Amino acid sequence: MSSLLLGLFPALGWGMQAIVMQVVGGKFTNKVMGMVTGNLIFAAIIFIFRQPASLTPSLIIGAVLCSVFWGIGQILQVCSFDLLGVSMAMPINTAEQLIGTILFGVFYFHEWHTTRQYLFGIVAILLIIVGVIVISIRGKGSGSVSPQDFLHGIVVVSVSSAGLVGYAVIPRIFGLNGWDMLLPQAIAMWLVISGIVSRVRDNHMWRVKSWQNIITGFCFGIANLTMLLSNELNGVSIGYTLSQMNVVVSTIGGIVILHEHAGERHCKLITGLLLIIGGAIFIGLTK
């Protein structure tokens, strides 16, 4: 039970990260630079108290690959928002990530063995995906997407999902300890994002908003560390699925903290949240 509770900490961290980013504001470049800088500071603090036994080649290679996949996934996820809109892109992205990590967990890491695990796991995935879609549905006046942008957006969001799946599974493929890879991963993430952002015109990467967004990096650092530990204890299929409960945190936080009014979507929000919570319960039953 304690390991399953640990699996919910990434959801809390990522959910709060999204809310804090909205409160702080700034350009996308400010947000991602502040996030990776805060994450680097967080990792350095942890490193003072918990150093890896040795910096092995597998640790360095795994941390770098994980960071590259994450950087690609993050940047393309934002690009998909411009093509499809958040309400369409995010459910597709979340669903593809869940399917990808579940397939790795089941067929590569052999985390499910019984019919009961497969049954509860499939029900959990379906509940969570439907819940995310229900939360994201908007009214008829929300605009439309051209066929060209839709096809382009599907390709972009799918590559983004592949990158984020890689970020989730690479540490387990290399057999890395979450504590050990935290600082090497944070350094690699900072270098990857700095390199990408520096090529953006008018990036303002070191303006005030970037420094203010460092606090989002601490939220990300907590989420990232607990996800690594949860994936070790619970397996990728359970650990990463539980981490996607961040949509519950960000939705409730958006209404309570950011004062976003649900309006006519009130019933859809409640229905979606209940479906997602139900999915979390079923994924816990596969343990």
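Trainee: Quick one to start: is tyrosine 108 buried, partly exposed or exposed?

Mentor: Tyrosine 108 is partly exposed in this predicted model. Its relative accessible area is 46%, and exposed would need over 50%.

Trainee: And what about phenylalanine 109, buried or exposed?

Mentor: Phenylalanine 109 counts as buried, at 16% relative accessibility. The cut-off for buried is under 20%.

Trainee: What geometry do the rings of tyrosine 108 and phenylalanine 109 have as a pair?

Mentor: They make an edge-to-face aromatic pair, with 5.0 Å between centres and 90° between the planes.

Trainee: How many aromatic pairs are there in the whole structure?

Mentor: The search turns up 9. There is also an aromatic cluster, made of Trp14, Trp70 and Phe220.

Trainee: What share of the residues is buried?

Mentor: Buried residues account for 51% of the 287. As for contacts between residues at least 6 apart in sequence, 89% link residues at least 24 apart.

Trainee: Nice. What about the surface and the charges?

Mentor: The accessible surface is about 13,500 Å², with 71% from carbon and sulfur atoms. The chain carries 14 positive and 9 negative side chains, and the centres of those two sets are 4 Å apart.

Key. Residues are numbered from 1 along each chain as its sequence is written. This is a predicted model: local features need pLDDT of at least 70, side-chain atom pairs count only at pLDDT 80 or more; totals for chains, interfaces and linings use all residues. Side-chain values use heavy atoms; hydrogens and water are left out. Buried means under 20% relative accessible area, exposed over 50%, partly exposed in between (1.4 Å probe, protein chains only). Contact means heavy atoms within 4.5 Å. Accessible areas come from the Shrake-Rupley method with a 1.4 Å probe; for residues, only the protein chains shown count as cover. Lys and Arg count as positive and Asp and Glu as negative; His and the chain ends are not counted. The place of a charge is taken as NZ of Lys, CZ of Arg, CG of Asp or CD of Glu. Rings of Phe, Tyr and Trp (its six-membered ring) pair if their centres lie within 6.5 Å; planes under 30 degrees apart count as stacked, over 60 as edge-to-face and the rest as tilted.
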